[in-house]
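Okay, thanks for coming, everyone.

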Amino acid sequence: MYAATRYVARGVIMRFLLPTVLLACTGEADLPGSHTGGVEDSGALEPEACGYTPAPDLDAAEGVVEVDLTASAFPWDPGTGVPLTEGVAYNESVPGPLIEANVGDTIVAHFRNDLSEPLTVHWHGIRLASDMDGGMQMMEPIQPGETFDYVFTVPDAGFYWYHPHLAGAKLIERGLHGRLLVHADDEVPADCDLPISLDDLLLDEDTLQVAPVDTDMMQLMGRLGNVLLANGRSDRRVALTAGQTVLLRLVNPSNARYWDVYVEGQSLQVVATDGGWIPEPYAAESVVLGPGERATVQFTATGSPGEEVRLMNKRFQLHEEGGDMIEYDPLGNGENPVLAFVFGEGSVAGTPWVQPSVPAMPYSGPTETLGHHWVLEEDMMGGTVTIDGEAWPNVPVVDVAAGVDTTFEIENKSEMHHPFHIHGNNFQIVAINGEPPATPQGWKDTWDIPPRSTVTVVSDLWNPGDWMYHCHILEHAEDGMMGEMMVE
Ligand code: C2O
Ligand code: CU
Ligand code: CU
């Protein structure tokens, strides 16, 4: 009875608030990449070679990767032909420079803040010292015009990313994010190794400029965009040759969008998750990535000369209850192209895929020690999201012992998915509503907590420090779905 009343009430809210969102984003005007056929139609970009260009390493010594990293205003073109006047970037590139390292290397990033607001750089997923982590409780933000050297070692092979931890909802959307790729010692390079940032952007259809988050509902649900971007553009095309071994390293820096992606006509194998290579690759029709998550998939390119196969995104329902909520996504209910692969002439015998080895996954099940049982809640009427009934900075600090195998439970009492992220340590999902997960698991730092579900994770809490944890829907983090964990 109570529940039914709430749903009706929510329907009313939706009817009041949605029209502004919907009118702003679902008109007939064709934003590139946002509706079916966007990638093909634009056709503006020549196919680019499959691969990536790492940031130049300023230090010749083995084992040290030194980069300059400057955050500044940068009017980038997301593929509309209209530069974003409010765009921001690291080193005038969206995504920012890809920092490439080998496991065990030391990264030296000379950061300079050329924006007009204080910033930190957070190295998402890296098990570093907490005073280099960029979480806002551990360091003074770097003021406009000032510099700071981030120095840390990367102990785990994997695909990571970096972003500001102040004003993230605004700045990450506008382009302030970059990637950090850490290779394992025994990685055999794929023929085509393509790191892809899967981002979305909410553009005003008239001006093609970043649209403001101007409704309470958009703030409460998280900002979903109307244009899908692969590495900062809606119109990318990438050259492939049949037979090539392709590795797609995917990261989701979107404010709130859960992606569910596949590549037309290709048989995907998931080979890595957040914290790196998984023990056993597994076949998947598509891969879901919540905000902040990464996944690497591998496939053998299959297609004929001239053929285009697209990286497609399926619609993921962020909110499970009520048909009204489906309309909240300006992309609607369909599938949308993100990037096109274009097959060249001929074919090659691809380099056989070799799964790199992974450090042992030490856990076979929950441990005796319960670090904490979190409760996530949302109050649609009150417009709040909370952890343990409070909003940051009032969420009680969690104290746990370093180096002890420890279980954490995250109970989501809300009707919405929340991507839960903990800084500084690696975790392994051992149960979802008491059942072991359906697919082989790798190390995670960010994972989905489905509506009305409890997810159990285990960590060895290898890395002591003072760590933030939060929902990676950036509007939720900003609204206080964030806390602090002391590992000592
Ligand atoms: Cu991408 Cu606090 O995290
Ligand atoms: Cu993080
Ligand atoms: Cu959330």
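Let's start with His421, which is buried, at a relative accessible area of 0%. Buried here means under 20% relative accessible area, with over 50% called exposed and anything in between partly exposed, using a 1.4 Å probe on protein chains only.

Quick word on the ground rules. This is a predicted model, so local features need pLDDT of at least 70 and side-chain atom pairs count only at pLDDT 80 or more, while totals for chains, interfaces and linings use all residues. Residues are numbered from 1 along each chain as its sequence is written, chains are lettered from A and ligands numbered from 1 in the order written, and side-chain values use heavy atoms, leaving out hydrogens and water.

So what coordinates the copper ion, ligand 2? His122 and His421, each through NE2, at 1.8 to 1.9 Å. Donors are N, O and S atoms within 2.8 Å of the metal (3.2 Å for Na, K and Ca), and since water is not among the atoms, sites may look incomplete. His122 sits in strand E5 (residues 122-124) and His421 in strand E24 (residues 418-422), so the pair ties together parts 299 residues apart in sequence. Strands are DSSP runs of at least two residues, numbered from the N terminus. His122 is buried too, at 1%.

Now, where does the largest pocket lie? Domain 1 (10-46 + 189-346) and domain 3 (369-487) both give residues to its lining, so it lies between them; the domain bounds come from an automatic or database assignment.

Key. Helix = DSSP H or I, 4+ residues; strand = E, 2+ residues; numbered from the N terminus.
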